[in-house]
Amino acid sequence: MRILFDSKENKHKSPFGCLRTDEKCTICIHIPENVCARKCFLCVESNEGFYLKMPMTKSHTIDLYDFFSVEFSINHVGLYHYWFKIEQEENSFDFDNIRIQ
């Protein structure tokens, strides 16, 4: 099993594509239960030094996957890179595969 996130899928990122200033965006990542994720954070950073780390909420578990989600908006136009920080009991790691504009 692997961590599931595809920014082109509405179940993972809504709305699809670029965001307007102050537009609400919902991000959901599916993490296999056997990863034993205690916490998950969405980290957002711009080239200009803006950085935001938001805790995600575990909403439910389906078919051995824990669903973590967060809703946010950004009030500055720019290119942002985002990734997930996943915390386990004694470890943490980044899951990174996305660049958005």
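Biologist: In E6, which residue is the bridge partner of Pro32?
Modeller: This is a predicted model, and the pairing is read from it. E2 covers residues 25-32, and E6 covers residues 65-72. In E6, Pro32 has as its bridge partner Tyr65.

Biologist: Over how many bridges do E2 and E6 pair, and in which sense?
Modeller: Cys25 stands opposite Phe72 in E6, while Pro32 is bridged to Tyr65. The sense of the E2 and E6 pairing is antiparallel, and the number of bridges is eight.

Biologist: Which residue of E2 is the bridge partner of Lys13?
Modeller: Strand E1 consists of residues 13-14 and pairs with E2 in the antiparallel sense over two bridges. Within E2, the partner of Lys13 is Ile27.

Biologist: What is the order of the strands in the open sheet, and which are the edge strands?
Modeller: The sheet has four strands with antiparallel pairing, in the order E1-E2-E6-E5. An edge strand pairs on one side only, and the edge strands are E1 and E5 (57-62).

Biologist: How many of the eight residues of E2 are buried?
Modeller: Strand E2 is mostly covered. Ile27 and His30 both have their place in this strand.

Biologist: Why does Ile27 count as buried?
Modeller: Buried means under 20% relative accessible area. Ile27 falls under that cut-off, because its relative accessibility is 1%.

Biologist: Is His30 buried or exposed?
Modeller: Leaving aside neighbours within four places in sequence, His30 is in contact with residues including Arg2, Leu4, Lys11 and Phe67. Its relative accessible area is 6%, so His30 is buried.

Biologist: Among the elements of the chain, which has the highest mean pLDDT, and which the lowest?
Modeller: The chain averages a pLDDT of 90, and 95% of the residues score at least 70. Among the elements, the highest mean, 97, belongs to E6, and the lowest, 72, to strand E8 (residues 92-100).

Definitions and conventions
Residues are numbered from 1 along each chain as its sequence is written. This is a predicted model: local features need pLDDT of at least 70, side-chain atom pairs count only at pLDDT 80 or more; totals for chains, interfaces and linings use all residues. Side-chain values use heavy atoms; hydrogens and water are left out. Buried means under 20% relative accessible area, exposed over 50%, partly exposed in between (1.4 Å probe, protein chains only). Two strands pair if DSSP finds at least two bridges between them. pLDDT is the predictor's confidence in each residue, from 0 to 100. Contact means heavy atoms within 4.5 Å.
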